[in-house]
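Please look over the sequence and the structure shown below before reading on. The report that follows moves from one residue and its contacts to the wider fold.

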Amino acid sequence: MQHPIRVLLVDDHPVVRKGLAACLGRAPSLAVIGEAADGREGLRLARSLRPDIVLTDMDMPNLNGLGLAAALRKELPGIKVLVLSMHSDSDGVLQVLQSGACGYILKAAPMEELIHAVEQVCAGRNYFSDEVARVALSRLVTGQAPHSGSQLTPREREVLILIAEGLSNKEIACRLDLGVRTIETHRERVMRKLNIHSIAGLTRYAVAKGLISLPGHFAAEPR
């Protein structure tokens, strides 16, 4: 008899984790072997439990889903990653693929679809919710390319990297020997050019583009 797929759940909302665990646990093909509240804890559990797949939320504190996927791709490439999100934007698809994850499914998807997605990813295929794939295809057909960092100036790119590393405007100003107001202006321009208006979004973008691999303080965390 084939062993069930071993799933590690990573989500910062306990109610969501418990609901997912209860529903996935009813599927004979799956077995939930652990739960984590953020990407940092998820990576630690992945190291010890060695699941077949990590089902992770995209937006989380400490280490988000894309950062977790990038870390697993580097350290434990045999573990598949399926990202959960409430958003169906086409840039998210690109970021998920660049992070090393194998799929992107919406939280609004039926449980049957989620189970199917887990099975497909573990079988070596990519999986994207229909709505996500449709949005991405529409953007491709209309010639609207995903956000490109090439439109940023070298200084804006430098500021973006420091923002993604968690530095405040004041800390960035000290690092670059510039005024705080100047840094605020650069930050506004970066957000406007990339059409990304949150620090979490800029961090995901930087990880997906390879500008940073992981939060610096975490990359050297001992096992």
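## Ile183 and its surroundings

In this predicted model, Ile183 touches Val159, Asn169, Ile172, Ala173, Leu176 and Leu178, leaving aside residues up to four places away in sequence, where contact means heavy atoms within 4.5 Å. Residues are numbered from 1 along each chain as its sequence is written. Because the model is predicted, local features need pLDDT of at least 70 and side-chain atom pairs count only at pLDDT 80 or more, while totals for chains, interfaces and linings use all residues; side-chain values use heavy atoms, with hydrogens and water left out.

## The nonpolar cores

Ile183 also belongs to the largest nonpolar core, which has 22 residues, and Leu160, Ile172, Leu176, Ile183, Val190, Leu194 and Leu202 are the members that touch the most other members. A nonpolar core is a set of buried Ala, Val, Leu, Ile, Met, Phe, Trp, Tyr and Cys residues joined through side-chain atoms within 4.5 Å; buried means under 20% relative accessible area, exposed over 50%, and partly exposed in between, with a 1.4 Å probe and protein chains only. At least two residues of this core come from each of helix H7 (154-164), helix H8 (169-176), helix H9 (180-194) and H10, and H7 gives the most, with five residues. Helices (H or I, at least four residues) and strands (E, at least two) are DSSP runs, numbered from the N terminus.

Apart from this core lies another one, of 21 residues, and among them are Val10, Leu63, Leu66 and Ala71. In soluble globular proteins, nonpolar side chains tend to be buried together.

Two packed helices are described by the angle between their axes and the distance between the axes. The axes of H7 and H9 come within 9 Å and cross at roughly 95°, the axes being lines fitted to C-alpha atoms, for helices over the stretch in contact, with angles that run from 0 to 180 degrees between N-to-C directions. H7 and H9 are therefore roughly perpendicular to each other; angles under 35 degrees count as roughly parallel, over 145 as roughly antiparallel, 65 to 115 as roughly perpendicular and the rest as oblique. On the H7 side the contact is made by Arg155, Glu156, Val159, Leu160 and Ile163, and on the H9 side by Ile183, His186, Arg187, Arg189, Val190, Lys193 and Leu194. Sorted by class, the contact of H7 with H9 has six nonpolar, one polar and five charged residues, where Ala, Val, Leu, Ile, Met, Phe, Trp, Tyr, Cys and Pro count as nonpolar, Asp, Glu, Lys and Arg as charged, and the others, Gly among them, as polar.

For H8 and H9, the axes come within 8 Å and cross at roughly 110°, and these two helices are therefore roughly perpendicular to each other. Here Asn169, Lys170, Ile172, Ala173 and Leu176 in H8 meet Val180, Ile183, Glu184 and Arg187 in H9, a contact with five nonpolar, one polar and three charged residues. In the loop between H8 and H9 sits Asp177, which has a positive phi of about 60° although it is not a glycine, and which is exposed, with a relative accessible area of 70%.

## Helix H10

Eight of the ten residues of helix H10 (residues 199-208) are buried, so this helix is largely enclosed by the rest of the structure. The buried residues are Gly201, Leu202, Thr203, Arg204, Tyr205, Ala206, Val207 and Ala208, and just after H10, Gly210 takes a positive phi of about 80°.

Glu41 lies in helix H2 (residues 39-49) and is partly exposed, with a relative accessible area of 27%. Not counting residues up to four places away in sequence, Glu41 touches Glu35 and Ala36. In the loop between H2 and strand E3 (53-57) is Arg50, another residue with a positive phi, of about 50°, although it is not a glycine; Arg50 is partly exposed, at 46% relative accessible area.

## Cysteines and the whole chain

With a disulfide taken as a pair of cysteine sulfur atoms within 2.5 Å, the count comes to zero. Cys122 is in no disulfide, and its nearest cysteine sulfur, that of Cys102, is 8.7 Å away. Cys122 counts as partly exposed at 24% relative accessibility, whereas Cys174, at 61%, counts as exposed.

The protein chain has eleven helices and six strands, and buried residues make up 47% of its 223 residues. Among contacts between residues at least 6 apart in sequence, 65% join residues at least 24 apart.
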